[in-house]
Structure formats: structure tokens, C-alpha cells
Amino acid sequence: MLYYILGILAITAVHLILFMKCYERGIRYNRKHTIASVLFSIYMIFVIDYLQARVVDKLSEFFVVTLIFIPIGIIMPLIYRRFRYFVINVLFVGLFDICIVILQGLNLGEFMPVFIVFTLFGVLIGFVVSKFIRITFKDLRKSLIIKKLKKRVVFLSMEAEILVVSLLVLFFSVEIIEKVSGNNYVEKFDEKFEKTEVNKYSKIYFAEKDNYERYEAYAKIYPDMEDEEVVWRVNSNLDQYFYDSEYVNLADKNTDDPLLINKFNRVAEDFEPVKLITIEETYQSTKETSKAYKKMKSDMKKLNMNIYVVSAYRSVEYQKNLYNNYLKADSREDVDTYSARPGYSEHHTGRALDISHIKGNINAFEGSEEAKWVYANCHKYGFIVRYKENQTDVTGYMYEPWHITYVGTEISETMHKENIETLEEYVERYVNHKNK
Ligand SMILES: [Zn+2]
């Protein structure tokens with residue numbers, strides 16, 4: 001982008017000089033010539049910008065270079081009197097090529113001068129086409145050139161040379177300043193320009209600038225997914241592998257009651273939750289969890305239903321034994337779908353409960369009247385069914401109708417009202433980012 005801006009500045013300056021020269025010497029200013037010349041100059045900037053930062057070393061790319069230089073072979077003999085002769089045209093392009101090779105060397109530290117042969121081949125083709133155009137449209141060239149008054153003005157058609165020289169001086173200056181200062185201005189400028197383009201994710205309040213590339217990559221994998229879902233999923237690291245140590249956070253860093261525990265948010269080995277109390281039999285939970293559970297249980301009793309706690313608080317040590325025992329029977333991959341690795345279990349918080357209508361049997365719970373009632377009503381007591389059906393790719397766990405988590409009624413009611421199925425989504429929308 002910087003090259004284009006510098007180039008357009010140079011074009012403007014050169015054509016202003018041309019205009020003033022014409023005015024000063026009483027020559028009729030040719031507007032068609034100017035338009036053709038400006039278009040041609042912009043085209044030259046494109047060629048410089050295209051070639052200065054790439055080393056052409058494939059046959060298909062050489063073919064592209066040939067194509068790129070055909071217009072130069074066509075236009076030059078049409079506009080510029082001095083370039084009437086093919087040899088001069090070739091010399092000009094040759095010089096131009098050498099400058100590009102130097103720019104490539106400065107930019108990339110390597111160059112491939114062979115491409116010059118292909119540029120000249122392109123010019124040759126263009127020149128033949130140009131001849132054909134001149135024969136067919138006899139008046140075209142006449143209308144494009146600036147008529148000189150005898151030999152008084154010999155420099156008028158110099159604007160191409162002035163332009164190219166000033167462009168190259170500008171480009172070289174940028175390169176040399178970058179080399180000396182160690183700053184990449186062109187790249188920074190381009191980045192800035194790209195950033196001002198409105199990124200579609202920037203409209204989503206919980207989107208994070210640093211994640212834009214990840215959103216785009218994730219959206220490519222799930223083209224039908226809505227942008228907001230892409231954003232909260234990527235923010236939750238769901239574009240990464242579960243348990244990837246690079247993306248795992250210590251959730252209890254600043255609190256003894258972390259809200260989100262999952263396969264990317266763990267507690268420390270020696271984590272101790274807020275004060276625990278007995279919820280039922282020997283099971284322990286937080287005070288609020290116990291209170292909410294008891295209220296729910298007594299309301300269910302009025303409807304002739306009963307539930308029991310099958311599991312509640314578990315220490316990291318306890319989870320370690322549990323997980324290792326599962327590993328004796330199943331592969332790690334399978335165990336990960338139903339049991340958390342030590343440190344990653346919600347049961348560490350004292351707010352997660354496994355419940356069933358049959359004491360000690362969680363597997364019987366699915367499909368029971370009690371399970372259906374809990375699924376539909378637990379939000380009223382501040383609970384959520386944490387691992388819902390069809391959310392396996394978000395939670396990392398199979399459907400667990402028995403596993404409910406106390407999050408408080410504010411969160412559970414919001415999730416219910418807004419149809420938010422997972423705590424992961426809730427945390428991105430309401431905790432990690434505030435809606436402005
Ligand atoms: Zn559980």
C-alpha cells in the first residue's frame with residue numbers, strides 16, 4: 001500500500017511538471033496523453049510492487065512475468081515518441097528490471113535475474129501487438145502524443161523516465177531507511193491499513209482482536225456456523241485440542257471458587273474450595289449448593305419424586321485415583337469422555353453434584369421422570385445440567401443428565417432465558433467480556 005501511495009504522489013508531481021512545461025512553452029496540453037500516461041504509470045507501480053518482494057523461480061511464474069510485461073511493450077510505443085524504437089524500449093525495461101532485482105535483493109536477500117529474459121519476451125510480444133494496433137487504428141497514436149513545436153521542446157516525453165527514476169528513488173529510500181533503522185515500515189503501514197478495514201468480528205463485543213485469525217480459520221472448518229458462535233468457541237479454545245498445556249489456565253489463581261472448570265481451566269494440585277459442609281450422608285458441597293439442592297429435593301418430594309446425591313465434592317487426589325482406575329479398564333481417549341483428569345473436574349469446586357433417583361446408581365437416571373423434571377426445572381434453584389446432549393464438542397463430555405452444577409440463579413436463569421446451553425458460552429458472553 002505504501003508503494004502505491006508513494007507512486008501516486010510521484011505520478012501527480014511528474015504530470016504537474018508536464019502540464020506546466022506545456023503551459024510555459026505554449027504547447028497544447030493533451031488530456032488523452034495524460035490519462036494514458038497516468039494509467040500506464042499506475043500499471044508500472046503495480047509491476048514494481050508485484051515483483052520487488054518475490055523471487056520468481058517457477059515456470060508458471062515466469063509465464064506470469066511475460067504476461068505482465070506485454071502491456072509495457074504495447075503502450076510505450078503508442079504514447080512516447082522516443083520509444084518508437086524497440087531497442088530503446090528494451091533498454092528501458094532492462095534498466096527497470098535491474099532496479100527490481102536490486103529491490104528483491106534488499107527485500108529478500110536473494111534474487112533471480114533470469115526473470116529479465118521473460119520480461120523482455122513480454123515486451124517483444126507487446127511491441128508486435130502495438131505495431132498491429134498502429135496499423136489498424138492509424139489515428140490512435142496521433143491522438144495520444146504531445147505535438148512538439150519543432151525541436152524546441154525535446155524533453156517533453158521525458159515524463160516516463162522522470163517518473164520511473166523518482167519512483168525508484170522513493171522505493172530505494174524506503175528500503176534503505178528500513179535497513180538502517182531496523183524497522184519494517186512498509187509492513188507496519190500495510191498492517192495498519194488492513195486493521196482499519198472493518199473486520200466482521202469487530203462488531204461482536206466478546207470478540208478478541210488477537211483471535212481474529214483463529215476465528216477465520218475456525219469459520220473455514222465450520223462454514224455454516226454463526227459468527228458469534230465461532231467467536232465464543234474460539235475464545236473457549238475449542239479450536240485447540242482438549243488439555244493442550246499451552247491453552248490451559250489455572251482457574252483458581254485469584255479465587256477459591258472458580259466458576260469455569262473444564263478441559264482448558266484447571267485447579268492447582270493443592271486446591272481447596274470455599275468452606276464445605278455435609279450435603280447428604282457423607283457427601284460434601286458448598287453451603288449454597290447444599291441449600292439449593294435441599295430446596296429442589298423437597299419440591300420434588302411434593303410431586304412424589306426423590307433424588308439422592310451420588311457424588312459431590314472430590315479432592316484432586318481422589319480424582320487422581322478415580323481417573324487412574326478408569327484407565328485400567330479403558331483407553332485414555334475413552335476415559336476422557338466420561339471422567340475428568342485430576343485438577344480438571346468440576347467436582348473439585350464443591351458445586352457439582354451427581355444425582356439419581358436410585359441411590360448409588362447414576363446410570364439409571366437417564367430417561368427417568370426425575371431426570372426430565374430436573375432438566376426442565378433445576379435452573380429455578382440455581383443449577384444447570386452441565387454436560388448436555390449434543391454439546392460434547394464444547395464440554396468434552398458425553399451427555400450426563402445426572403451431573404448438575406450450582407452456579408446461582410442469576411446465571412442459571414440467564415442461561416435458561418437466553419437459550420445458552422453451556423457454561424463455556426455463558427462465560428464468554430457475560431463474564432470474560434462485558435456487553436457495552
Ligand atoms: Zn459429575
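Keep in mind that the model is predicted. The largest nonpolar core has 37 residues, and a second, separate core has 27.

**The two cores**

- In the largest nonpolar core, the residues that touch the most other members are Val-309, Leu-353, Ile-355, Cys-378, Phe-383, Ile-384 and Ile-404.
- Helices and strands both build this core: H11 (287-302), H14 (369-377), H16 (409-417) and H17 (423-431) each supply at least two residues, as do E5 (308-311), E6 (352-356), E7 (383-387) and E8 (400-406).
- For the second, separate core, look for Ile-45, Phe-96, Ile-100 and Phe-118, which are among its 27 residues.

- Strands E3 (residues 276-280) and E4 (residues 283-286) pair in the antiparallel sense, with 4 bridges.
- Across the pair, Leu-276 stands opposite Thr-286 in E4.
- There are 2 residues between the strands, and Glu-281 takes a positive phi near 45° in this hairpin.

**Helix H16**

- Ile-411, Ser-412 and Met-415 are the buried residues of H16.
- These three lie on the same side of H16 because they cover an arc of only 95° around the axis.
- The buried residues of H16 pack against E7 and H17.
- Exposed Glu-410 and Lys-417 sit on the face of H16 turned away from its buried side.
- Just after H16 comes Asn-419, with a positive phi of about 60°.

Notes: Residues are numbered from 1 along each chain as its sequence is written. This is a predicted model: local features need pLDDT of at least 70, side-chain atom pairs count only at pLDDT 80 or more; totals for chains, interfaces and linings use all residues. A nonpolar core is a set of buried Ala, Val, Leu, Ile, Met, Phe, Trp, Tyr and Cys residues joined through C-beta atoms within 7 Å. A residue is buried if 20 or more other C-beta atoms lie within 10 Å of its own, exposed if 12 or fewer, and partly exposed in between; C-beta atoms are placed from the backbone. Two strands pair if DSSP finds at least two bridges between them. The arc is that of the directions from the helix axis to the C-beta atoms. Two residues are in contact if their C-beta atoms, placed from the backbone, lie within 7 Å.
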